[in-house]
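Take a walk through the model below.

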Amino acid sequence: MSVKIKKINIHAFRGIPDLELELDGKSLLLRGENGSGKSSIVEAIEFFFTGKVAHLEGVQGLSLRRHGPHVNFKPEDVNISITFNPGNIFLSRTFASAPSPPSPLEEYFQITRKGTFILRRSQILEFIMSQPAERFRAIGSIIGIEQLDNVELEMMRLRDELEGKVKSKKKEVERLIKELSDIVGKDITTIDDVISVLNAILRSAGLPLIKSLEDVDKHAEEMLKSVKKVEILDKIKVLNEILELTKNPLITKETVGELTSLNEKIRYLLRDEARVKLSVGDLLETGRKIIEQEKLDVCPLCEQKIERESLLARINTRLTTLRDLSNKASEIRRISVPVIDSLKRVSNNLGVLISKIEPFPELSKEKEILLGKLNSLNIFIEKVVSGKDLQNEIPVREIVQQKDEINQVISSIYKISNQLLKDIGLTEEEKRVLEIVRLIERARSKTKDISKTNIELMTNQKYLELAEKIYSAFSETKKTKIQEVYNIIQADIQSFYSMLHPNEPHRNIELMVAPGRRASTEMKIESFGREGEDPRALTSEGHLDSLGLCIFLAFVKKFNEGCPLVILDDVITTIDANHRNKVAELLLREFKDYQLIITTHDGIWYDQLLNFQRALNVQDDFINMEITWWDVNTGPMISPYKPRWEKILDKLKNNDRSGAGNECRMYLEWLLKEICEKMEVAVPFMRSGRYTVRELFDPAEKRIEDKLKDGDLKKDLLNKFKNLKATTFMGNLLSHDNPEIENLSIEEVKTFCNAVHDLHETFLCPQCRKFLKYFRDSKIVRCSDLRCESPKKEMTK
Amino acid sequence: MGIQREIFEEFVEKLGEDKEFPDSVREEIRNLWESGEIISKEKIFEVIKRGCADVCED
């Protein structure tokens, strides 16, 4: 036996101070005007299962804790309890505690926790009108792959970062090889060339050759034995190292150039326009949600009237542009890796240089300056790192100034160190030996750097290779599996859609994982014989809504197995009456084993669902309720559904002339509209779509008189029209569209009500209680249910 | 079996088909998923680094 909700208790939540809804495992059909608390009930159920309310998520200025509790209560008063069957299991949710389902409810809660059992009108649009990435997210949340999506994103980020690292290391190796070539005065392609080039230099100087770079220290020591001033060799060595470090400017033009180019990209994203765009992005997302959810036809900001769908389409286009900005931000993160590495290298070299010049009092002034510069450079590097994250621009001017000042000090240190070396008073021969020793030591040091960087490069390449394999395998598997799911789902979507739109030229609905995109779903449909059309090309909003509904239902059927709960919160507003009938049939036939909670403000849709309950003999599976009143202190007053006629009888019984008269006037308006629609009555076109009794009554009566062949039905119907017209109430309505109930007696109102009811009854098939309908091709008026075995009927002229 | 698990299992299987892909990395990724921890890029990188170190030692 599947899990069903037995009872819902809501306390202090949204527009509800206190409410108990006894469902006893049945489906709920709930009608109520806008603002009567229907959505509060849905939100309470959503909060119970998910701990969230989608309306209050991610919208600036809105918070569940602040806007969740009823205005007369505090957050700690909020309590939503649901009792489940079988087992009469009672569970509660408050702000401080979540329900802990026992094991028989675990599977049910696994699905309800995701909130994917609720469909609102705004979500329908997510399936159809949204960009492929958003559509993927909407579908992904139903099929439950959001977690995998995040994993994939992390895998991709790691791969991108390692790619940046490998590029940076390759560039570093190239730079070091160039510097080595400059040292030895010959182009070096690999470090294997170094020994032969160095030996050529040693040979030409008449000095002993080296066998490997590991021999350099020993060899240098041997060579230095020929230098007389052995006691100051250490000093000479350090001075040589200082000369090596200061030979070239530490901060190069290239580094400044790279920083400038990086900063241009950052500046583009940080300039007022882009900043505005990024904040507009948030605003657009919020505005879009509000316009979609609240079905607004007025701009929430300027209160001007808007064309909703065209505004939503424009917002979506602008959001696409904003997503390009996000790709640019990702590029910045990637290219900043080598620039930051290069600056860190300069910082490291400065630190080494400061420690080398420490023992020389002649360089104390330079050392002090460099200490300050090193500090400024490190602060600058932090600014580049935060610039990479778009927190600020890179103050490139600072580094231009630093570059000149640092390079000046470096140049000064070089000169002073050179002088100090000269002051030692070496002979020409000693100088020559020292120069060669310095050269081979520099070459050895550079070669070591190259080897070290090469190892780092290879390690990072290995990491990258694995990261790439992980990401590709994951991404490919995910796409394949999701496409498999789509292929299965497509059949259900198509089948549901065909039930709603039989014989219409839209078929072959396809969902496709977009090629070359990480998380994107494209949707295609064959429309009017053209294959692969974007469904948004379909002109009718109602078609799009019903397609979205079919997608939702197909996914729910496949992925919410184990949780037979579906909530439809006012979802069919744009679908016309004929198609709503089919939606009602689809829900009540295909989801008959589910516990449906359907809310609506629409009386016609409510009546259609009631009719289908009767037609499919599932009335006992439903609780039909109406919200008759709401105010902030009492919350929604919910009463069991009563057919309109029963309500009128109650009012007549209580001598409520005004109540009965007004209710019956609405009843008559509805009845005349039904007659006009079913009998194809010609009525003057009204742009507003609002017709009064006066405008419909005569055309409807005339249609029956003109169209039906003479017979019992025609006679009966015309009699009922005549009887109704004869009532005083109707006379008032027909003469000046005002019933003037205050001047009528209860008997006069009663006569009118009975006449309306009689007219309605005559238009119903006694066999199946369906409305009569004119079938133009068959030239017949008959029961609209073609399966009716004994239909009421009459031939037409 | 949920679709997430199905995808993950198949992904790990796919990694296994690559003979050059270190078993230890594959197993650690599986364990990471099964532990229910959030799989961040830092955690994946740690797994890769450990896997590479194992391969080098071998």
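Chain A has 24 helices and 16 strands. Helices (H or I, at least four residues) and strands (E, at least two) are DSSP runs, numbered from the N terminus. This is a predicted model: local features need pLDDT of at least 70, side-chain atom pairs count only at pLDDT 80 or more, and totals for chains, interfaces and linings use all residues. Residues are numbered from 1 along each chain as its sequence is written, while chains are lettered from A and ligands numbered from 1 in the order in which they are written.

Of the 797 residues in chain A, 34% are buried. A residue is buried if 20 or more other C-beta atoms, placed from the backbone, lie within 10 Å of its own; it is exposed at 12 or fewer, and partly exposed in between.

Turn to helix α13(A), residues 364–388. Its 25 residues should span 36 Å at 1.5 Å a residue, and its end C-alpha atoms are 36 Å apart, which agrees. The expected span is 1.5 Å times one less than the number of residues. Buried residues of α13(A) include A:Leu370, A:Leu377 and A:Val384. Just after this helix, A:Leu390 has a positive phi of about 60°.

Next, a helix pair. Helices α9 (residues 233–246) and α14 (residues 396–423) of chain A pack at about 150°, with axes 9 Å apart. Among the residues making the contact are A:Ile236 and A:Leu243 of α9(A) and A:Ile413 and A:Leu420 of α14(A). Two residues are in contact if their C-beta atoms, placed from the backbone, lie within 7 Å.

A cis peptide bond joins A:Asn85 and A:Pro86, with omega about 0°. A:Pro86 sits in the loop between β4 (79–85) and β5 (89–93) of chain A. A:Arg14 is not a glycine, yet has a positive phi of about 45°. A:Arg14 lies between β1 (4–13) and β2 (16–22) of chain A, in the loop, and is buried, with 23 other C-beta atoms within 10 Å. A:Asp570 also has a positive phi, near 55°. Its loop runs between β10 (565–569) and α17 (577–590) of chain A.

Finally, the chain contact. Here 21 residues of chain B touch 23 residues of chain A. On the chain B side, α1 (3–17) and α3 (41–57) each give two or more residues. The largest share, eight residues, comes from α1(B).

Notes. Axes are lines fitted to C-alpha atoms, for helices over the stretch in contact, and angles run from 0 to 180 degrees between N-to-C directions.
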